[in-house]
Amino acid sequence: MMDPVLAEQAKIAFKQAYAPFSRFHVGAAVRTPSGKVFFGANVENSSYGLARCAEQSAVQTMVSNGEREFTEVVVYSEATPPASPCGACRQILFEFSPEAKVYCFNHLGDVIEGTVKDFLPHGFRLNPER
């Protein structure tokens with residue numbers, strides 16, 4: 001079941017998104033095994049390739065704060081059906097926690113869920129022993 005605290009943090013991040021080009025806001029929140037919560041919003045850029053997704057922002061914040069694993073990630077958007085992580089984000093999530101739970105939800109209460117491995121069944125790690 002999706003954690004309401006993470007859902008609320010993802011919604012807060014959603015409101016902070018910087019998406020002047022696509023107008024497609026996304027917020028994400030991750031919880032680490034130690035119980036810490038980190039969130040991020042998508043940040044677009046005039047040079048489109050430099051844009052960062054909400055999931056990437058949340059993971060970067062987590063890593064910047066010394067954590068290296070998360071147990072669940074919640075992604076919020078107002079898309080129908082709920083937006084799921086893009087391919088790049090799936091690989092980034094897989095790098096840190098392939099077994100973590102993923103919940104994608106929207107303003108209508110629709111939820112898509114699974115594990116990171118469900119979303120990226122053939123992800124890879126250069127150091128699988130990590």
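Buried means under 20% relative accessible area. Keep that cut-off at hand for this tour of a predicted model.

**Stop 1: the sheet**

Start with the strands. Five of them form an open sheet, in the order β2-β1-β3-β4-β5. The pairing is mixed. Now pick out the edges, β2 and β5 (111-115). Each of these strands pairs on one side only. Neighbouring strands of the sheet are turned by 15° against each other on average, direction ignored.

Stay with β4 and β5. How do these two pair? They run in the antiparallel sense, joined over five bridges. Select Tyr-103 next. Its bridge partner in β5 is Glu-113.

**Stop 2: α2 across the strands**

Show α2 (54-64). This helix lies across β1, β2 and β3. Relative to β2, α2 runs at about 140°.

**Stop 3: the buried side of α3**

Move to α3 (87-96). Select Cys-89, Leu-93, Phe-94 and Phe-96, which are buried. Why do they sit on the same side of α3? Because they cover an arc of only 165° around the axis. Then look at what covers these buried residues. The cover includes α2, β3 (72-77) and α4 (116-119).

**Stop 4: Ser-97**

Step into the loop between α3 and β4 (101-106), where Ser-97 lies. Is Ser-97 buried or exposed? Its relative accessible area is 4%, so Ser-97 is buried. Leave aside residues up to four places away in sequence, and Ser-97 touches Glu-69, Phe-70, Val-116 and Arg-125. Select these residues together with Ser-97 to see the contacts.

**Stop 5: the salt bridges**

How many salt bridges does a search of the whole structure find? The search finds five. Here are some to visit.

Select Asp-3 and Arg-31. They form a salt bridge, with the closest N and O atoms 2.5 Å apart. Asp-3 lies in the segment before α1 (4-16), and Arg-31 lies in strand β1 (residues 26-31), so the pair ties together parts that are 28 residues apart in sequence. Both Asp-3 and Arg-31 are buried. Asp-3, Arg-31 and Glu-72 are linked in a network of salt bridges.

Next, select Lys-36 and Glu-67. The closest N and O atoms of this salt bridge are 3.6 Å apart. Lys-36 is in the loop between β1 and β2 (37-41), and Glu-67 is in the loop between α2 and β3, so the pair ties together parts 31 residues apart in sequence. Lys-36, at 43% relative accessibility, counts as partly exposed.

Finish with Lys-117 and Glu-99. Their salt bridge brings the closest N and O atoms to 3.1 Å apart. This pair links distant parts of the chain, 18 residues apart. Lys-117 is in helix α4, while Glu-99 is in the loop between α3 and β4. That loop also holds Ser-97, from the previous stop. Now check the accessibility of each partner. Lys-117 counts as partly exposed, at 35% relative accessibility. Glu-99 counts as exposed, at 55%.

Conventions. Residues are numbered from 1 along each chain as its sequence is written. This is a predicted model: local features need pLDDT of at least 70, side-chain atom pairs count only at pLDDT 80 or more; totals for chains, interfaces and linings use all residues. Side-chain values use heavy atoms; hydrogens and water are left out. Helices (H or I, at least four residues) and strands (E, at least two) are DSSP runs, numbered from the N terminus. Buried means under 20% relative accessible area, exposed over 50%, partly exposed in between (1.4 Å probe, protein chains only). Contact means heavy atoms within 4.5 Å. The arc is that of the directions from the helix axis to the C-beta atoms. A salt bridge is a side-chain nitrogen of Lys or Arg within 4 Å of a carboxyl oxygen of Asp or Glu. Two strands pair if DSSP finds at least two bridges between them. Axes are lines fitted to C-alpha atoms, for helices over the stretch in contact, and angles run from 0 to 180 degrees between N-to-C directions.
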